Amino acid sequence: MLILSRKKNQAIHIGDNVVITILDVAGDNVKIGIEAPKNIQVYRSEVFKAIEEENKKAALAKAATEDLAKLLEDFSS
């Protein structure tokens, strides 16, 4: 992990096309702005984790559906 100190209105560049700018600092809260191309998805950590969990559930449901379809196919034969 890279740890940097930045002040209000200072920025961090990631690669050629992502810029993170410190917009405001108030107590324990820091507001940041993120400039990135539309093809780069930017999520808060808790949202990203929720998406991962839903994707895992969907994959398991798909596998269960495929297993059920095979069982029904085998039963029909």
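So, E54 and K57 form a salt bridge, with the closest N and O atoms 3.6 Å apart; by salt bridge I mean a side-chain nitrogen of Lys or Arg within 4 Å of a carboxyl oxygen of Asp or Glu. The two are about one helical turn from each other, because they sit three residues apart in helix α1. E54 is partly exposed, at a relative accessible area of 46%. On that scale, buried is under 20% relative accessible area, exposed is over 50%, and partly exposed is in between, using a 1.4 Å probe and protein chains only.

Before I go on, a word on what we're looking at: this is a predicted model, where local features need pLDDT of at least 70 and side-chain atom pairs count only at pLDDT 80 or more, while totals for chains, interfaces and linings use all residues. Residues are numbered from 1 along each chain as its sequence is written, and side-chain values use heavy atoms, with hydrogens and water left out.

Okay, back to the helix. E53 and K56 also make a salt bridge, 3.8 Å from N to O. Both belong to helix α1, residues 45-76, and again the spacing is three residues, about one turn. Here E53 is partly exposed at 41%, whereas K56 counts as exposed at 52%.

How many salt bridges does the structure hold? Four. Another of them pairs D24 with K8, at 3.9 Å between the closest N and O atoms. That pair links distant parts of the chain, 16 residues apart: D24 is in strand β2 (18-26), and K8 is in the segment before β1 (11-14). D24 is partly exposed, with 27% relative accessible area.

Now the fold. Buried residues make up 8% of the 77 in the chain. And with a contact meaning heavy atoms within 4.5 Å, 0% of the contacts between residues at least 6 apart in sequence join residues at least 24 apart.

Last, the surface. V25, V30, I32, I34, I40 and V42 make a nonpolar patch of about 480 Å². Patch residues have over 30% relative accessible area and no salt bridge, with like charges joined within 9 Å and nonpolar side chains (Val, Leu, Ile, Met, Phe, Trp, Tyr) within 5 Å. Which strand gives the most? Strand β3, residues 29-35, with three residues. V30 is in that strand β3, and V30 is partly exposed at 48%.

Notes:
Areas by Shrake-Rupley, 256 points an atom, 1.4 Å probe, with all protein chains shown as cover. Helix = DSSP H or I, 4+ residues; strand = E, 2+ residues; numbered from the N terminus.
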